[in-house]
Amino acid sequence: MCGIWATFGIDGGLSPVCIKCFAAILHRGPDAWRIEQDSREQLAILGFQRLAIVDGLHGMQPMRLHLYPRITLICNGEIYNCNRLRDEFKFTYETNCDVEAIIHCYKNFGIAETVRKLDGVFAFCLVDGDARKVFIARDPYGVRPLFKLSDEKNGVLGVCSEGKGLMGLKEKASEVATLGQFPPGHFEEYDIADNNKVTLNKTEQYFKPGSPPRFTPFVPITDLEELDMYGKTAALLEAACKKRLMSDRRIGCMLSGGLDSSLITALVVKLAKEQNLPYKIQTFAIGMGDSPDLIAARTVADYLGTEHHEIIFDENDVRQALDNVIYHLESYDITTVRASLPMYLLSKYIKENTDTTVIFSGEGADELAQGYIYFRDAPSAKDGHEESIRLLSDIYLYDGLRADRTTSAWSLELRVPFLDIQFTSHYLSLDQNLRQPQDGVEKYLLRNSFSKSGLLPDSILWRHKEAFSDGVASVKKSLFTTISEIVTERLPSEGHKYKGVQPTTQESKYYRYIFEKSFSGQDNFTPYYWMPKWVSVSDPSARFIKHYAAK
């Protein structure tokens, strides 16, 4: 996890506004920062905020190589197949930094093939000085964030890991300028004109959820031929965790005690022992007093023998964090804000009290494996599959956004194995009927894939689904109630009119009110409120669905 920032075509060079914008993403890379400008591309400024995870000596960016001195790269990401690419295509690497593979691939295959050959998560901007080109690209599921400011009237382009790093520039742009998230699974090509202004030349979508890998897969197909459906599922999820152990910093796991985080934690602990990591895996659970998540997470940690940390938060913590969470999220979505509060507080604890920097978590499983309770109401298997695809396509706006922003706010790097390309391609290729909830049990196929592994106690492997914001709450008082009390105290009495999706409850009005303080006019950051499908509810929480068992 790092922060990238770049502008093209802005007259006046590195202005105070630019510096203020660049500083707005300092939390993403506290270890080092750099801003560069090359006189040959006079209106191109590239900046990088670094969180050193791999190759602390040579991994600084913007990156240039002696072999290709006119290529400049800034990238927030991890390329898990960097060594396989080197060996397969006989690349000569100059550093031990995984993102160097992007430059070699680009020079050998061009941008369209490069993004398809990368097994990893990334958001990058690459400048080819000789060709007078700028390329920007984002990984298939948008695990790494990327925002784009486009001002076609003035020939201006801005890119940044977070929207807050471009807001000041948007305010000085023309009336036709737009600012929003760059879509996952896409790349764009821009031309640099003689006057150093830029023009969009091409936009291409290179990936859709379920697409098979175009790179040599981490697990060879031949290794899977003798395995049944459950064996393949287990093997590929373990492989997704294994490739993500690439780190020079300490690794830990967020552990709610639910199926997803518990499976990932169990696999990481198993692999850490096999690879003889020189430390115990730390696990982190959060809750309000007697919350169900704390109890379940404790069971998992004891079973796996991790160095476990329990974080208790209360109403005062919520009061202090709520507005900051909305600022970091850059979203006013109701369920996203609710679920982000405990994750933000948990990340704060990890940063301030431990030396763990790389964090594994279970995001993506509910979207991929039909884990949300409302999937029980899907009219057909086909409808369930299509909803999975929709959720995965938009995960960067909701759960993916939550996971990145709450961890990056505290300079942590998140890794999400459930969104691995080889694993998601396999899972979405399985019989649609088998991926549906079975006999009232969501994610039955995933659970059954590990039923004989001994990785987890059965009480955890078959634990019912709980919404994260409910699971962390005290059984005596829900997080929803706590937030409602805070909102009642703080929300101004005068009404406000907003563009875009309209807030209808006191809670949603408060979230929008706080959002507008920092991101006025950017209603497009939240295109719609996340809500369950096929059920008649007015609130996104799972507790309002009739099947909800976590009472």
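Predicted model: local features only at pLDDT ≥ 70, side-chain atom pairs only at ≥ 80, totals over all residues.
1. The domain assignment divides the chain into domain 1, covering 3–205, and domain 2, covering 234–544. Taken over C-alpha atoms, the centres of domain 1 and domain 2 are 29 Å apart. Domain 1 brings 32 residues to the contact, and domain 2 brings 36 residues.

2. About 2900 Å² is buried between domain 1 and domain 2. Carbon and sulfur atoms account for 56% of that area. On the side of domain 1, the residues that lose the most area to domain 2 are I53, Y80 and Y141. Together I53, Y80 and Y141 make up 27% of what the domain 1 side buries.

3. Charged pairs also link the two domains: four salt bridges are counted between domain 1 and domain 2. For polar contacts, 14 residue pairs are found across the interface of domain 1 and domain 2, with both residues at pLDDT 80 or more.

4. Which elements give two or more residues to the side of domain 1 that touches domain 2? They are β4 (71–79), α5 (167–171) and β9 (178–181). The most comes from β9, which gives three residues to that side.

5. By residue class, the side of domain 1 that touches domain 2 holds 15 nonpolar, 11 charged and six polar residues.

Conventions:
Residues numbered from 1 in each chain as written. Heavy atoms only, no water. Domains from an automatic or database assignment. Contact = heavy atoms within 4.5 Å. Buried area = accessible area lost by both parts, 1.4 Å probe. Salt bridge = Lys/Arg side-chain N within 4 Å of Asp/Glu carboxyl O. Polar contact = N/O pair within 3.5 Å; in protein donor to acceptor, adjacent residues only side chain to side chain. Helix = DSSP H or I, 4+ residues; strand = E, 2+ residues; numbered from the N terminus. Nonpolar A, V, L, I, M, F, W, Y, C, P; charged D, E, K, R; others polar.
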